[in-house]
Amino acid sequence: MVVKVIPEHRDKLGRLLKAGDCVAYPSSNSLIIGTIKKLNPKMVSVACIGKYRWTQKKYPADLVLLEDPEVTMYLLKESAK
């Protein structure tokens, strides 16, 4: 029987990341807000929220976990588009 181990990743501030969390990360010359789709052994798959929904792989040290009621309102506003 194969036991699948979920990797443990921490953001820039040392907080534990899990699938479905809302994070901010750099992309080119801007700051993007997205959600974590999958935790890979070395990197994290993050999907952008908004009009263009692409997925990128980022190192955990490039992410900052967002936990704020304003982020919830932003998610509701952008997901309706």
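The legends below accompany close-up views of a predicted model.

View 1. Five strands make up an open sheet, arranged in the order β6-β5-β4-β3-β7, and their pairing is antiparallel. Strands of a sheet pair through backbone hydrogen bonds, in either a parallel or an antiparallel manner.

**View 2. The pairing of β3 with β7.** Strand β3, which covers residues 22-27, is joined to β7 by two bridges, and the two strands run antiparallel. Within this pairing, Ala24 has Val64 of β7 as its bridge partner. Val64 is also one of the residues touched by Asp11, when residues up to four places away in sequence are not counted.

**View 3. Asp11 in the loop between β1 and β2.** Asp11 belongs to the loop that lies between β1 and β2 (16-17). With a relative accessible area of 5%, Asp11 is buried, because the limit for that class is under 20%. The side chain of Asp11 reaches two backbone nitrogens, that of Gly14 at 3.0 Å and that of Arg15 at 2.6 Å. Leaving out residues up to four places away in sequence, Asp11 touches Leu17, Pro60, Leu63, Val64 and Leu65.

**View 4. Lys37 on strand β4.** Lys37 is part of strand β4, which spans residues 30-39. Its relative accessibility is 53%, and Lys37 therefore counts as exposed, since that class begins over 50%. When neighbours within four places in sequence are set aside, the residues in contact with Lys37 are Ala19, Ser45 and Ala47. Lys37 and Lys57 are 20 residues apart along the chain, and a distance of 9.8 Å separates their C-alpha atoms.

**View 5. A nonpolar surface patch that includes Met1.** Met1, Val3 and Val5 together make a nonpolar surface patch of about 450 Å². Met1 itself is placed in the segment before β1 (9-10). Because its relative accessibility is 99%, Met1 counts as exposed.

Notes: Residues numbered from 1 in each chain as written. Predicted model: local features only at pLDDT ≥ 70, side-chain atom pairs only at ≥ 80, totals over all residues. Heavy atoms only, no water. Helix = DSSP H or I, 4+ residues; strand = E, 2+ residues; numbered from the N terminus. Buried < 20%, exposed > 50% of the residue type's maximum accessible area, 1.4 Å probe, protein only. Contact = heavy atoms within 4.5 Å. Patch = residues over 30% accessible without salt bridge, like charges linked within 9 Å, V, L, I, M, F, W, Y side chains within 5 Å. Areas by Shrake-Rupley, 256 points an atom, 1.4 Å probe, with all protein chains shown as cover. Salt bridge = Lys/Arg side-chain N within 4 Å of Asp/Glu carboxyl O. Pairing = 2+ DSSP bridges. Polar contact = N/O pair within 3.5 Å; in protein donor to acceptor, adjacent residues only side chain to side chain.
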